[in-house]
Amino acid sequence: MAQPLAREVAVEVAKQHGVCIRPVPLKRLDIHTGTWDVVDVPCGATLEATCPPCAKRNRQLRMAQCREGWHLDQEPVITPDEPNDEQRWLIEFRADIQAQHDQAVSKGEDTADQDAIITELDGEINEAGMRGNVLSRTTAKRNRSTRRRQDAPNLPKRAMTATTLGRTFTSSDGKTYRPSLFLTLTLPSYGKIRNGVPVDPASYDYARAARDALHFSKLVDRFVQNLRRVAGYDVQYFAAVEPQKRLAPHLHMAIRGTLPRAEIKQIAAATYHQVWWPPAETAAFDGDHLPIWEDGVGYLNPATGEVLPTWEQALDQTAEPLHVSRFGVQVDVQGVLAGTPDADQCIRYLSKYLTKSIADSLDPDDQAQKDHAARMTEALRFEPCSPTCPNWLRYGVQPKGAKPGMMPGRCRSKAHKPDHLGYAGRRVLVSRKWSNKTLTEHKQDRRTWVLEALGQNDQPPDPHRYVWKPVPAGDANVAPLAVRLLRSVAERQRWRTHMAQLQAQADSQDLSATDGLAGAA
Ligand SMILES: [Zn+2]
Ligand SMILES: [Zn+2]
């Protein structure tokens with residue numbers, strides 16, 4: 001009885017101190033000393049931030065990153081760095097999971113867990129400042145027939161100049177202005193909405209809403225492509241995907257440089273994304289009548305024994321897009337000048353929802369909203385979320401990479417979950433040349449700042465010093481969570497006291513350097 005209580009208290013204390021409450025234990029070998037120990041890595045530094053203290057810290061880092069890149073007046077220098085610790089362990093971890101995955105495949109076991117981790121890790125690997133994918137492409141890219149090519153929208157096209165910076169304007173008194181843009185893009189209407197819920201749920205187009213949410217990040221990609229063609233320079237952006245009250249994702253985007261408002265609206269109106277997937281309108285298999293797996297063959301029609309078309313075969317027969325998504329007519333464009341309160345407000349706005357999931361905008365006491373969310377989840381249940389989605393079996397197609405045990409309606413991808421409501425992509429989208437730094441480097445900046453304040457030398461870590469390994473579940477070397485949390489809290493307290501002393505000294509010397517303190521703490 002006492003133990004769970006102690007754990008709850010420890011979690012509360014940890015939260016108050018901004019300490020990660022879901023630390024990931026990792027085994028670390030120090031090559032210099034030859035010793036193994038178990039180190040807690042904050043959850044926010046590894047997989048997607050899930051615990052509130054990590055989410056908060058990541059939000060502060062994102063704000064710093066957004067501020068830094070928005071009004072750059074010099075081209076960012078992009079040079080690949082030596083891999084750092086975090087990158088190294090991500091790759092190590094990725095390799096381990098891949099090995100587990102391959103082992104499971106060879107035993108014919110379910111790999112949904114590993115698949116989910118791999119997808120997430122690949123995102124994290126890119127996020128950690130490494131480009132590309134660990135497994136380089138092994139098969140040639142599909143050659144789509146020309147009729148399936150995405151048509152180029154009818155937009156003006158300027159000659160490309162090799163810059164990421166926006167134009168400047170000089171006033172008659174010689175002052176230089178560097179205006180940038182803040183814009184908001186929404187999806188179209190699916191039916192009349194009042195107080196965040198459909199007036200008439202029966203006629204509300206949930207199917208369309210579901211598909212638009214599933215393919216939203218692709219639509220954003222298209223918008224950026226078009227934006228760059230029209231602008232004639234390598235436009236950089238920092239964007240956040242957020243939920244609207246009606247539970248559709250929408251996008252806030254800080255853009256470096258400026259374009260006429262009318263052009264932005266024209267680009268948004270002309271942008272669309274075609275989803276070239278096989279038809280998924282009518283269920284071919286349903287209830288107990290489901291395709292059956294045969295080893296070495298694939299999925300068969302249970303009635304006729306015929307082999308279902310593979311993903312590739314089905315794609316070859318696809319003559320029209322399954323879905324075409326577009327933005328809605330509501331496009332908000334705002335001009336913003338560097339260093340103004342407007343700019344600060346936009347940055348806060350951009351990071352406002354980052355700690356929340358898409359479904360977090362739901363009011364838990366609002367039954368109408370809960371019903372609306374439930375209908376949206378239902379609409380997503382049998383909607384294929386990706387080429388590998390088991391839902392394809394429902395429409396008579398073997399999912400890409402088909403394996404035994406797949407069942408329509410049982411996809412483990414985030415896209416189908418009530419927390420995500422179709423949008424499983426990244427919440428923050430930052431172009432590569434936004435600032436000179438990746439999020440990892442921004443983290444490193446804070447660390448350096450703090451260590452300098454503490455009078456310690458922040459030696460660049462020896463990238464080859466540590467070897468990381470995941471800790472198997474139930475490993476006896478991992479202390480109970482409550483103990484680990486309280487340890488971190490004690491460490492944090494010691495450190496805070498030290499910082500407070502330094503701050504007092506700095507104040508008395510009238511050397512205030514408060515910026516960065518709050519975030520680093
Ligand atoms: Zn955490
Ligand atoms: Zn799925």
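Q: What spacing do the donors of the zinc ion (ligand 2) follow along the chain?
A: The donors follow C-x3-C-x21-C-x4-H. Keep in mind that this is a predicted model, where local features need pLDDT of at least 70, side-chain atom pairs count only at pLDDT 80 or more, and totals for chains, interfaces and linings use all residues. Residues are numbered from 1 along each chain as written, chains are lettered from A and ligands numbered from 1 in written order, and side-chain values use heavy atoms, leaving out hydrogens and water.

Q: OK, which protein atoms are the donors of that zinc ion?
A: Cys385 (SG), Cys389 (SG), Cys411 (SG) and His416 (NE2), at 2.1 to 2.3 Å from the zinc ion (ligand 2). Donors here are N, O and S atoms within 2.8 Å of the metal (3.2 Å for Na, K and Ca), and water is not among the atoms, so sites may look incomplete.

Q: Why is the arrangement tetrahedral?
A: Because the four donor atoms around the zinc ion (ligand 2) subtend angles of 103 to 114 degrees. Four donors count as tetrahedral if all angles lie between 85 and 135 degrees.

Q: And where do Cys385 and Cys411 sit?
A: Cys385 and Cys411 are each in the loop between helix 11 (367–381) and strand 15 (428–430), 26 residues apart. Helices (H or I, at least four residues) and strands (E, at least two) are DSSP runs numbered from the N terminus.

Q: Are Cys385 and Cys411 buried or exposed?
A: Both are buried, meaning under 20% relative accessible area with a 1.4 Å probe, protein chains only.

Q: Switching to sheets: what's the strand order in the five-stranded one?
A: That open sheet runs 14-5-9-8-15 with antiparallel pairing; strands pair if DSSP finds at least two bridges between them. Strand 14 (331–337) and strand 15 are the edges, each pairing on one side only.

Q: How many bridges join strand 8 to strand 15?
A: Three, with strand 8 (residues 237–243) antiparallel to strand 15. Phe238 has Val430 in strand 15 as its bridge partner.

Q: What about the three-stranded sheet, what order is that?
A: Its order is 2-1-16, open and antiparallel. Strand 2 (35–41) and strand 16 (466–470) are the edge strands. Strand 1 (residues 24–30) pairs with strand 2 over seven bridges, and Val24 stands opposite Val41 in strand 2.

Q: Now aromatics. How many aromatic pairs turn up in the whole structure?
A: Twelve. Rings of Phe, Tyr and Trp (its six-membered ring) pair if their centres lie within 6.5 Å; planes under 30 degrees apart are stacked, over 60 edge-to-face, the rest tilted. Tyr190 and Tyr204 make an edge-to-face pair, 6.0 Å centre to centre with 80 degrees between the planes.

Q: Are those two tyrosines buried or exposed?
A: Tyr190 is buried at 4% relative accessible area, and Tyr204 counts as buried at 5%.

Q: And how far apart are the ring centres of Trp277 and Trp392?
A: They are 5.7 Å apart with planes at 80 degrees, so that pair is edge-to-face. Trp277 is in the loop between strand 10 (272–275) and strand 11 (292–294), and Trp392 in the loop between helix 11 and strand 15, so the pair ties together parts 115 residues apart in sequence. Trp277 is buried at 12%, and Trp392 counts as buried at 0%.

Q: Last one: which ring does Arg394 lie over?
A: Arg394 lies over the face of Phe382, 3.9 Å from the ring centre. The cut-offs are NZ of Lys or CZ of Arg within 6 Å of the ring centre and within 35 degrees of the ring normal.

Notes:
Tetrahedral: all angles 85-135°; square planar, octahedral: opposite > 155°, others 65-115°. Buried < 20%, exposed > 50% of the residue type's maximum accessible area, 1.4 Å probe, protein only.
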